[in-house]
Amino acid sequence: RMSTGQRMPGEQYLTYNAAKDLVIRATLPAQKTSQGRDSESVVFRHDPRLQWPSLQYYTREQVEAFYRDLHKSGLPVCLLRGEDGFPVDEWTRDSIKG
């Protein structure tokens, strides 16, 4: 998260409740050991597959072609867009304006 903040500066924040949910989902109670860990000890877990490189990358031209084809198709699309949070570059922001 720190390196992301350096690469994409902006007003990034996480609410207390969102952070709490992430921590609950990403931890497991620690096993009792001979050292007698207390009941609040936790072990962090993560899916190592999240660190794998993506199998597919798209150029901006490919993304623009996809948007054009989708628009021409007339198919209904549901796009959920946040008002603030993770910063995006100007091209991306302009591409998804309604």
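A search of the whole structure turns up one aromatic pair. The partners are F66 and Y67, and their arrangement is tilted, with 6.3 Å from centre to centre and 50° between the planes. Keep in mind that this is a predicted model. As for the two numbers, a pair of aromatic rings is described by the distance of the centres and the angle of the planes.

Y67 has a relative accessible area of 35% and is partly exposed.

Now to another part of the chain, T27. This residue lies in strand 1, which covers residues 27-29. Is T27 buried or exposed? T27 is buried, because its relative accessible area is 13% and buried means under 20%. The T27 side chain reaches the backbone oxygen of V23 at 2.8 Å. Setting aside neighbours within four places in sequence, T27 is in contact with V42, V43, F44 and R45.

That brings us to V23, which sits in helix 2, residues 16-25. V23 is partly exposed, with a relative accessible area of 46%. Together with V42 and F44, V23 makes a nonpolar surface patch of about 310 Å². V42 and F44 are also among the contacts of T27, and V23 supplies the backbone oxygen that the T27 side chain reaches.

Definitions and conventions:
Residues numbered from 1 in each chain as written. Predicted model: local features only at pLDDT ≥ 70, side-chain atom pairs only at ≥ 80, totals over all residues. Heavy atoms only, no water. Phe/Tyr/Trp six-rings, centres within 6.5 Å; stacked < 30°, edge-to-face > 60°. Buried < 20%, exposed > 50% of the residue type's maximum accessible area, 1.4 Å probe, protein only. Helix = DSSP H or I, 4+ residues; strand = E, 2+ residues; numbered from the N terminus. Polar contact = N/O pair within 3.5 Å; in protein donor to acceptor, adjacent residues only side chain to side chain. Contact = heavy atoms within 4.5 Å. Patch = residues over 30% accessible without salt bridge, like charges linked within 9 Å, V, L, I, M, F, W, Y side chains within 5 Å. Areas by Shrake-Rupley, 256 points an atom, 1.4 Å probe, with all protein chains shown as cover. Salt bridge = Lys/Arg side-chain N within 4 Å of Asp/Glu carboxyl O.
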